[in-house]
Amino acid sequence: MTDTRLQPGNLLPNVQRHLIALDSAVERAAADAGLPPTLLDLIRLRVSQLNGCAFCVDQHSTDARKGGESERRVFLIAAWPESRLYTDTERAALALAEAMTRLPEVRDVPDDVYQQATGAFTEEQFAVLAWAITAINAWNRLGVLGHMELPADPE
């Protein structure tokens with residue numbers, strides 16, 4: 001038996017293009033709203049860890065490093081609640097990302113997490129984060145479903 005799985009994006013490239021367009025729209029909206037690209041990198045990395053998508057963890061840890069994140073912050077993102085390396089604003093975004101990603105388990109975004117996020121960000125920024133979290137969750141689900149292969153190690 002082979003471990004090769006169907007790749008929905010390859011089978012329906014027109015649909016995949018819409019998800020790519022959503023990512024591009026989120027990045028433009030984030031820039032317009034004054035959110036740093038590194039915040040999106042951290043969110044994408046943490047959500048990908050939670051979803052167990054190795055391909056996306058690899059991609060977004062690389063993106064975060066290229067975007068200027070330190071190795072230490074990238075390595076410790078899985079333990080962000082116990083680390084003082086992240087700002088209050090980043091913590092609010094990460095808490096929202098975890099709550100939205102764990103909806104099947106928790107069935108709701110807790111009020112304190114919601115209030116922390118809406119207090120830390122403008123309405124526009126909050127909306128951008130919600131869309132960014134939604135998009136990376138979609139990518140993760142496709143990556144996990146298809147057992148997407150890691151790219152070759154560049155070293």
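The legends below describe close-up views of a predicted model.

**View 1. Packing of helix H3 against helix H6.**
Helix H3 spans residues 37-51, and its axis comes within 10 Å of the axis of H6. The two axes cross at roughly 35°, and the crossing of H3 with H6 is right-handed. On the H3 side, the residues that meet H6 are Leu-39, Leu-42, Ile-43, Arg-46, Val-47, Leu-50 and Asn-51. Their partners in H6 are Glu-90, Ala-93, Leu-94, Ala-97, Glu-98 and Thr-101. The contact set includes the charged residues Arg-46, Glu-90 and Glu-98, and these residues return in the next two views.

**View 2. The salt bridge between Glu-98 and Arg-46.**
The side chains of Glu-98 and Arg-46 form a salt bridge with an N to O distance of 2.7 Å. Glu-98 belongs to helix H6 and Arg-46 to helix H3, so the pair ties together parts of the chain that are 52 residues apart in sequence. Both Glu-98 and Arg-46 are buried. Each of the two residues is also listed where H3 meets H6.

Glu-90 sits in helix H6, which covers residues 88-101. With a relative accessible area of 12%, Glu-90 falls under the 20% limit and is therefore buried. Not counting residues up to four places away in sequence, Glu-90 touches Leu-39, Leu-42, Arg-73 and Leu-85. Leu-42 is 48 residues from Glu-90 along the chain, and the C-alpha atoms of the two residues are separated by 8.4 Å. A polar atom of the Glu-90 side chain lies 2.8 Å from the backbone nitrogen of Thr-87.

**View 3. Arg-91, a buried arginine without a salt bridge.**
Arg-91 also lies in helix H6. Arg-91 is buried yet has no salt bridge. The nearest side chain of opposite charge is that of Asp-88, at 4.7 Å. Leaving aside neighbours within four places in sequence, Arg-91 is in contact with Trp-80, Pro-81, Ser-83, Tyr-86 and Gln-116.

Across the model, the count comes to 7 salt bridges. One of them joins the side chains of Arg-44 and Asp-23, with an N to O distance of 3.9 Å. Arg-44 is in helix H3 and Asp-23 in helix H2, which covers residues 13-33; the pair links distant parts of the chain, 21 residues apart. Arg-44 has a relative accessible area of 7% and is buried. Asp-23, at 16%, is buried as well. Together with Glu-27, Asp-23 and Arg-44 are linked in a network of salt bridges.

**View 4. The salt bridge between Arg-65 and Glu-71.**
Arg-65 forms a salt bridge with Glu-71, and the closest N and O atoms are 3.7 Å apart. Arg-65 has a relative accessibility of 37% and counts as partly exposed. Glu-71 is partly exposed too, with a relative accessible area of 43%.

**View 5. Asn-140 in helix H9.**
Asn-140 is found in helix H9, which covers residues 123-145. At 0% relative accessibility, Asn-140 counts as buried. Apart from residues up to four places away in sequence, Asn-140 touches Val-47, Ser-48, Asn-51, Cys-53 and Cys-56. Among these, Val-47 and Asn-51 are also listed in H3 where that helix meets H6.

**View 6. Ala-54 and Gly-143.**
Ala-54 is found in helix H4, residues 54-66. Ala-54 is partly exposed, with a relative accessible area of 47%. Gly-143 is 89 residues from Ala-54 in sequence, and the C-alpha atoms of the two residues are 8.2 Å apart in space.

**View 7. His-147 in the segment after H9.**
His-147 is found in the segment after H9. The phi angle of His-147 is positive, about 45°, although His-147 is not a glycine. With a relative accessible area of 34%, His-147 is partly exposed.

Technical notes. Residues numbered from 1 in each chain as written. Predicted model: local features only at pLDDT ≥ 70, side-chain atom pairs only at ≥ 80, totals over all residues. Heavy atoms only, no water. Helix = DSSP H or I, 4+ residues; strand = E, 2+ residues; numbered from the N terminus. Buried < 20%, exposed > 50% of the residue type's maximum accessible area, 1.4 Å probe, protein only. Contact = heavy atoms within 4.5 Å. Polar contact = N/O pair within 3.5 Å; in protein donor to acceptor, adjacent residues only side chain to side chain. Salt bridge = Lys/Arg side-chain N within 4 Å of Asp/Glu carboxyl O. Axes fitted to C-alpha atoms, helices over the stretch in contact; angles between N-to-C directions. Left-handed = near helix turned anticlockwise from the far one by under 90°.
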